[in-house]
Amino acid sequence: MTILLLLFSFHAIANSRILLLGDSLSASYGMQQDQGWVHLLNQQLETNNSGFQIINASISGETTGGGLSRLPGILSKQTFDYLLIELGGNDGLRGFPTDVIKNNLLQIIQLAKEKNIPVWLMEIKIPPNYGPRYNKMFANVFNEVASETETPLLPFFLEAIAIEPKLMQSDGIHPNIEAQPMIVELMNKTLTNAIKGLR
């Protein structure tokens with residue numbers, strides 16, 4: 001999420017708020033909060049007077065079930081113009097049943113729709129720890145949820161980064177500080193196209 005002066009100039013509504021419901025990938029895991037991609041993006045948004053702000057409700061270790069349980073409380077306290085769901089990675093790494101993951105995501109989207117909040121669902125990919133069968137079932141969850149709820153499915157923001165060891169922390173799961181500006185640029189383009197698609 002960078003340089004949004006031009007990218008978000010298409011009749012952006014002043015002070016539109018994007019709620020990001022995510023996990024450690026968006027919660028600055030392994031670094032200071034002001035080094036993470038969400039903070040860096042918000043800096044660009046403010047500098048460029050884009051009229052948009054990301055409200056980061058991401059928590060390290062969060063699952064789809066955790067996000068579902070927290071969302072009603074978040075929505076009761078603040079108003080948002082969009083919801084971006086970046087959840088599922090921890091479910092997959094723990095081998096949670098894919099039908100449970102799917103049901104949680106469906107309920108999260110339903111809660112947002114009840115508040116008339118447009119939703120984007122980010123596709124999540126996990127290492128092949130559980131074999132091709134589980135990985136395929138896991139990947140299908142996001143496509144099925146997006147299709148059944150008519151929710152835009154955004155590409156996984158670490159797909160090109162995770163294959164570069166120099167951009168990952170020692171655990172091989174979380175992006176490092178060097179990767180954050182790259183995520184900013186990618187998410188800037190992704191969200192720009194996503195917002196255009198909802199207009």
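Author: Let me start with a term: a salt bridge here is a side-chain nitrogen of Lys or Arg within 4 Å of a carboxyl oxygen of Asp or Glu. Also, this is a predicted model.

Reader: Fine. How many salt bridges does a search of the whole structure find?
Author: The search finds 5 salt bridges.

Reader: Which residue does E62 form a salt bridge with?
Author: E62 pairs with R70. Their closest N and O atoms are 2.5 Å apart.

Reader: Is E62 buried or exposed?
Author: E62 has 9% relative accessibility, so it counts as buried. R70 is at 23%, so it counts as partly exposed.

Reader: What about K102, which residues is it linked with in a network?
Author: K102, E144 and E148 form a network of salt bridges. For E144 and K102, the closest N and O atoms are 3.2 Å apart. E144 lies in helix α6 (residues 131-149) and K102 in helix α5 (residues 98-114), so this pair ties together parts that are 42 residues apart in sequence.

Reader: And the other link, K102 with E148, what is the distance there?
Author: The closest N and O atoms of K102 and E148 are 2.7 Å apart. Again K102 is in α5 and E148 in α6, so that pair ties together parts 46 residues apart in sequence.

Reader: K102: buried or exposed?
Author: K102 counts as buried, because its relative accessibility is 18% and buried means under 20%. E144 is at 34%, so it counts as partly exposed.

Reader: New topic. What is the strand order in the sheet?
Author: It is an open sheet of 5 strands in the order β2-β1-β3-β4-β5, with parallel pairing. β2 (52-56) and β5 (153-154) are at the edges, each with a single partner strand, so one side of each has no neighbour in the sheet.

Reader: What holds strands together in general?
Author: Strands of a sheet pair through backbone hydrogen bonds, either parallel or antiparallel.

Reader: Back to this one. How many bridges join β1 to β3?
Author: Strand β1 (residues 16-22) is joined to strand β3 (residues 82-86) by 5 bridges, and the two run parallel. L21 has I85 as its bridge partner in β3. G22 has E86.

Reader: How many residues of β1 are buried?
Author: 6 of the 7 residues of β1 are buried, so the strand is largely enclosed by the rest of the structure.

Reader: Which strands does helix α3 lie across?
Author: Helix α3 (residues 64-77) lies across β1 and β3, at about 155 degrees to β1.

Reader: Last topic, rings. How many aromatic pairs does the count come to?
Author: The count comes to 7 aromatic pairs. One of them is W37 with F157: the ring centres are 5.6 Å apart and the planes are at 85 degrees, so the pair is edge-to-face.

Reader: Where do W37 and F157 lie?
Author: W37 is in helix α2 and F157 in the loop between β5 and α7, so the pair ties together parts 120 residues apart in sequence.

Reader: Which residues do ring pairs link into a cluster?
Author: Y130, Y134, F138 and F142 are linked into a cluster by ring pairs.

Definitions and conventions
Residues numbered from 1 in each chain as written. Predicted model: local features only at pLDDT ≥ 70, side-chain atom pairs only at ≥ 80, totals over all residues. Heavy atoms only, no water. Pairing = 2+ DSSP bridges. Helix = DSSP H or I, 4+ residues; strand = E, 2+ residues; numbered from the N terminus. Contact = heavy atoms within 4.5 Å. Axes fitted to C-alpha atoms, helices over the stretch in contact; angles between N-to-C directions. Buried < 20%, exposed > 50% of the residue type's maximum accessible area, 1.4 Å probe, protein only. Phe/Tyr/Trp six-rings, centres within 6.5 Å; stacked < 30°, edge-to-face > 60°.
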